[in-house]
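Q: Can we go through this model together? I'll ask as I look.

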Amino acid sequence: MIAIVLIAALSSAAKAAEDLGAMWGTATEEAKYYPIVNIPIPATVPMRPGGLEVLPDGRLAVGTRRGDIYFVSGVFESTPKPEYHLFATGQDEIFSLSWKDGAMTATTWGEVTRISDSDGDGVADRYDTLSNNWGYAEGHEFAFGSKHDPEGNIWVALGLSGSYESHNLFRGWAVKVTPAGKMIPVCSGLRSPGGVGANAAGAMFVIESQGPWNGSCSLKHLKPGAFLGHPASYNWYPFAIGMPTPSVTPASQSRMAVEKRRVKELVPPAVRFPYIKMGRSISGFRLDNTRGKFGPFENQFFLGDYTLSLIMRATTEEVNGVWQGACYPFREGLATGIMNVEFSPTGHLIAGGFTTNSQWPVRGTEPFALQRIEWSGVVPFEIKEINIRNDGFLINFTKPVDKQVASRTDSYNITTYTHIYHAGYGSPEVDQTTPKVLRAVPSDDGMSVRVTLDKIMEDHIHDFDLAKITSQQGTPLLHTKAYYTVNEIPTK
């Protein structure tokens, strides 16, 4: 969907008719804990933020749609008075930046480039192509890259041709580019990715937009040798040395639980984001590794959404060798379409992006923006994380719950649903169930509740509504909703 966002023009009438759904309605409360600070952008700077990076000296690096890289000082001052310095130019649609060993690595449509300033005058003068060993011929074929992994590799997710088919080499694949410039195919089956990053365990993930073979936006594990769901990129297996073409093609109008047993290479999405309720065109994401400087959500993913101008959280856990997890609301009311986010060592979350006016609709009204989200130091009462158990779930909170309320089974409204796995665009929520809550047992400290269900549904999103839960002080949850994707059920 990101590719369509950026390229496929829609009429103004069509744009006006788009249903962006209801807002969460929590922006005013969210601001008490996570205020938003605007970063001024001079009229003379053609800023359409895409890639973001924080430099060792504390400046913010911003890569733009038009291919410029700016180094911006003053972003993290209490009252930002930024100064913009043009470091590099001449690239094409920069949506990923990573600084290492005194140089910037930019991932663009057609290549991964190492950009450096060899004479120390503050302006880039070397542009070394690390790899362009994939096809690129038209405007939907975007590329999104990771930060350097521990071995110095950049992982790149390559969007399909025209968002539906794969006409050029490795379109719909994830690859990694080594420090020496070797490109290694990793896995197939992508459609329109929008960001790549590692979780706290070092496993690499990509965000994928809703569309054909994708019932909703989803976070997918980039498992080497895997097939991630969209079969258009099967045609490039002969070029992936040592990786045989899957012997089975997924059947349309099926379910993920059925097809992952037929297609042994198929790895299901780790986290599915219910359409509109939790994003519509999710973009860049980043792991909170600020060691508590951003509040109680350390080692969780924070993800931007282009269309709905908001930020969500996600957690992951490995069950029976398969990654899965949950997503949660975090912050709405941002100024524009969010293309990327970035944490600073000081504990700020930078969000940047733009709108495209006559193209895909965006809730935020600003044509472009840089904003800083900071923690006020006050902990909100939130669902911190949900973990699966063999007979239910462990729900963790940021503050102790009222045990009397939390021990009542009718305090939990849990429903489940899944999506049709098919070649059609998106999917309604189908196969709904309502599990019965058998028991709810708060921990001694009230920081978690063990909820036992009569049945856990494989391949289903488990939709939690905890509006009845309150803290020890009687405070309601800031966000009452959470959504857990069950791929595997623990055996014990």
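Q: How many residues of the chain count as buried, as a percentage?
A: Of the 492 residues, 61% count as buried. Buried means under 20% relative accessible area, exposed over 50%, and partly exposed in between, with a 1.4 Å probe and protein chains only.

Q: What should I know about the source?
A: This is a predicted model, where local features need pLDDT of at least 70 and side-chain atom pairs count only at pLDDT 80 or more, while totals for chains, interfaces and linings use all residues. Residues are numbered from 1 along each chain as its sequence is written, and side-chain values use heavy atoms, with hydrogens and water left out.

Q: How many helices and strands does the chain have?
A: The chain has five helices and 32 strands. Both are DSSP runs numbered from the N terminus: helices are H or I with at least four residues, strands are E with at least two.

Q: And what is the radius of gyration?
A: The radius of gyration is 22 Å, close to the 23 Å that the globule rule gives for 492 residues, so the chain is as compact as a globular protein of that length. The radius is taken over C-alpha atoms, and the rule is 2.2 Å times the number of residues to the power 0.38.

Q: What box do the C-alpha atoms fill?
A: Roughly 65 × 60 × 50 Å, taken along the principal axes.

Q: Switching to sheets. What is the order of the eight-strand one?
A: That open sheet runs E18-E19-E20-E21-E32-E31-E27-E28, with antiparallel pairing. Two strands pair if DSSP finds at least two bridges between them.

Q: Which strands stand at the edges?
A: E18 and E28 (429-433) do; each has a single partner strand, so one side of each is left without a neighbour in the sheet. Neighbouring strands here are turned by 25° against each other on average, direction ignored. The axes are lines fitted to C-alpha atoms, for helices over the stretch in contact, and angles run from 0 to 180 degrees between N-to-C directions.

Q: How many bridges between E27 and E28?
A: Three, in the antiparallel sense, with E27 covering residues 413-419. Thr418 stands opposite Val430 in E28.

Q: What about the four-strand sheet, which order is that?
A: E25-E26-E30-E29, open and antiparallel. Its edge strands are E25 (383-389) and E29 (437-442), each pairing on one side only. Six bridges join E25 to E26 (residues 392-397), and Ile388 stands opposite Phe393 in E26.

Q: Cavities next. How many are there of 30 Å³ or more?
A: Two. On a 1 Å grid over the protein atoms alone, a cavity is a set of points where a 1.4 Å probe fits but cannot get out; a pocket is an open set with protein on both sides within 12 Å along at least five of seven lines; lining residues have an atom within 4 Å of a point. Grid points are joined across faces, edges and corners, and a volume is the space filled by probe spheres set on the points.

Q: What is the volume of the largest cavity, and what lines it?
A: The largest cavity has a volume of about 140 Å³. It has 15 lining residues, and the closest to its centre are Trp213, Asn214, Gly215, Met256 and Pro269. Strand E16 (residues 217-221) gives the largest share of the lining, three residues.

Q: Is E16 itself buried or exposed?
A: Five of its five residues are buried, so E16 is largely enclosed by the rest of the structure. Cys217, Leu219 and His221 cover one side, with Ser218 and Lys220 on the other.

Q: Which strands does E16 pair with?
A: Four bridges join E16 to E15 (residues 204-208), antiparallel, with Ile207 opposite Leu219. E16 also pairs with E17 (residues 271-273) over three antiparallel bridges, where Arg272 is the bridge partner of Ser218.

Q: And the largest pocket, how much space lies in it?
A: About 770 Å³. It is lined by 31 residues, and Lys147, His148, Arg286, Asn289 and Glu342 lie nearest its centre.
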